[in-house]
Amino acid sequence: MKFMENPQEPPPPPPPEKKWEEVESEVVHLVDESFKPFLKKKKHCLVMFYAPWCGHCKKAKPEFMAAAEKLKDDTKVALAAVDCTVQTGICSAHDVTGYPTFKYFNYGKNAQKYMGGRQEEDFIAFMKDPLNPAPSSSTPSPPPAESVEDQWKELAGSDSLSLLHKENFDKAIAENVQMLVMFYAPWCGHCKKMKPDFALAAQKVKEMGLGTLAAVDATQNRELATQYGVKGYPTQKVLRKVALFILVRNKVGKTYDIIKLETKLIVKTNSIEQEVRDYKGGRSESDLVNYMLEALLGDEGSEMAKKVSKGEPVVPFLQSRSIKQLGEKNFHKFLGEKDTAMVLFYQPDCLHCQSAKPHFLKAAKTTNPKSLGGKGKAFGIVDCSKEIDLCMAEQVNKYPSFKLYIGGKFLASYDETPHFNSLREFVANAPEAPTNTQNKKHTREDL
């Protein structure tokens with residue numbers, strides 16, 4: 001009725017809302033053509049995938065723009081946005097199923113979903129250290145961090161996994177032939193998906209004597225993650241103590257020729273040097289086991305990996321052309337054919353024997369069999385669960401037992417904690433067996 005008493009034109013509709021890309025800000029708006037080229041140039045980029053009609057997106061926009069303004073002077077950092085109602089291909093490729101979705105990129109790679117708050121200070125805190133962002137006042141305090149042991153304890157095979165931190169990291173590398181280390185974050189989806197296979201692979205790798213699979217919670221070991229160049233999760237690194245050197249004893253004297261194996265990166269710490277390689281294989285149990293096979297055994301490992309992939313049985317204990325399987329029938333013949341022989345006496349169910357396996361195998365494979373001249377050096381093993389009489393005759397009273405034979409006769413026991421370096425040096429430093437010519441000469445002199 002009041003309108004009829006004083007009719008007026010209705011108020012004009014509000015002006016249409018500007019598209020976000022038309023609003024002046026430091027946020028970079030990306031399309032299909034610019035998405036990859038732009039991200040490749042930025043060390044740290046946080047991308048907001050949004051829809052113009054989304055209420056949560058509208059609320060986050062001004063905070064995101066304010067953060068971009070504060071970070072604009074850092075040329076390595078950028079905040080960017082993608083309109084998923086237009087750039088559908090980009091959003092599908094990055095599994096965007098809700099709005100807004102925030103993803104972090106490191107030079108266009110290692111995409112990680114951002115799970116932090118949506119206030120200006122949250123975005124700034126994250127971009128200062130994307131792998132370990134400092135909590136802001138608007139971010140609720142997280143619950144106490146779950147222990148690394150609790151993160152893995154429910155997974156089959158996790159008992160065989162080595163859980164590492166700053167205090168035990170170098171020691172673990174020094175004691176292992178080779179280690180495949182998984183740097184992860186507990187919240188990382190790709191890490192969660194990989195962990196069951198990684199734990200199962202750890203068990204199989206240990207059983208087969210191929211080395212060790214290890215895990216590092218990078219959120220609790222920030223210094224280690226930085227030291228090893230971890231830029232995303234999960235990151236796998238293959239680490240070996242740099243005694244990846246072959247010591248070849250010259251025929252004259254006790255000097256050594258050193259043949260350095262190919263390395264990618266040497267990381268120096270206070271106590272040891274390590275060879276570090278990026279693992280670029282698959283993430284399944286079989287991928288991980290096959291890699292460790294091939295890394296330790298070379299061509300032999302490739303052959304065994306093919307058998308494993310086909311489901312064919314593989315003898316787990318030291319199956320290698322570098323090691324002779326010995327028993328009552330061939331033991332003395334084998335010793336007589338070699339100037340120097342290192343023999344491992346073991347029991348299949350002995351835990352210490354399991355730990356010694358990869359070291360014995362590595363020593364055998366990296367010892368030059370002809371470096372002493374003559375009939376050379378060799379490595380053999382005896383299963384004392386089957387060769388009871390032979391083991392009693394050789395006075396084997398503990399497992400594992402390492403015995404060195406020169407010219408077919410027992411010389412000494414190796415009683416150190418098994419490590420391929422010291423095993424190899426123990427054999428390399430053995431005295432040369434007397435030749436037939438020397439024996440004849442002594443006989444004539446005695447006459």
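K280 is exposed, with a relative accessible area of 72%, where exposed means over 50%, buried under 20% and partly exposed in between (1.4 Å probe, protein chains only). This residue is found in the loop between β13 (273-278) and α10 (285-297), the helices (H or I, at least four residues) and strands (E, at least two) being DSSP runs numbered from the N terminus. The model is a predicted one, in which local features need pLDDT of at least 70 and side-chain atom pairs count only at pLDDT 80 or more, while totals for chains, interfaces and linings use all residues. Residues are numbered from 1 along each chain as its sequence is written, and side-chain values use heavy atoms, with hydrogens and water left out.

**Charged patches**

Together with K36, K40 and K109, K280 forms a positive surface patch; patch members have over 30% relative accessible area and no salt bridge, and like charges are joined within 9 Å. A negative surface patch consists of E24, E26, D73 and D74. Of these, E24 sits in the loop between α1 (2-5) and β1 (28-29) and is exposed, its relative accessible area being 81%.

**Salt bridges**

Across the whole structure, nine salt bridges are found, each defined as a side-chain nitrogen of Lys or Arg within 4 Å of a carboxyl oxygen of Asp or Glu. Three of them are listed here, including the pair K72 and E69.

| Pair | N to O distance |
|---|---|
| K72 and E69 | 2.7 Å |
| E337 and K333 | 2.6 Å |
| K398 and D415 | 3.6 Å |

K72 is partly exposed at 43% relative accessibility, and E69 is likewise partly exposed, at 37%. E337 and K333 are separated by about one helical turn, because they stand four residues apart in helix α12 (residues 331-337); E337 is partly exposed at 39%, whereas K333 is exposed at 55%.

**Buried positions**

D383, in strand β16 (residues 377-383), is buried yet has no salt bridge, and the nearest side chain of opposite charge, that of K386, is 4.3 Å away. Not counting residues up to four places away in sequence, D383 touches Y346 and P348, contact meaning heavy atoms within 4.5 Å. Helix α15 (residues 420-428) is mostly covered, with seven of its nine residues buried, among them F420, L423 and R424.

Key:
Patches are made of residues with over 30% relative accessible area and no salt bridge: like charges are joined within 9 Å, nonpolar side chains (Val, Leu, Ile, Met, Phe, Trp, Tyr) within 5 Å. Accessible areas come from the Shrake-Rupley method with a 1.4 Å probe; for residues, only the protein chains shown count as cover. Lys and Arg count as positive and Asp and Glu as negative; His and the chain ends are not counted. The place of a charge is taken as NZ of Lys, CZ of Arg, CG of Asp or CD of Glu.
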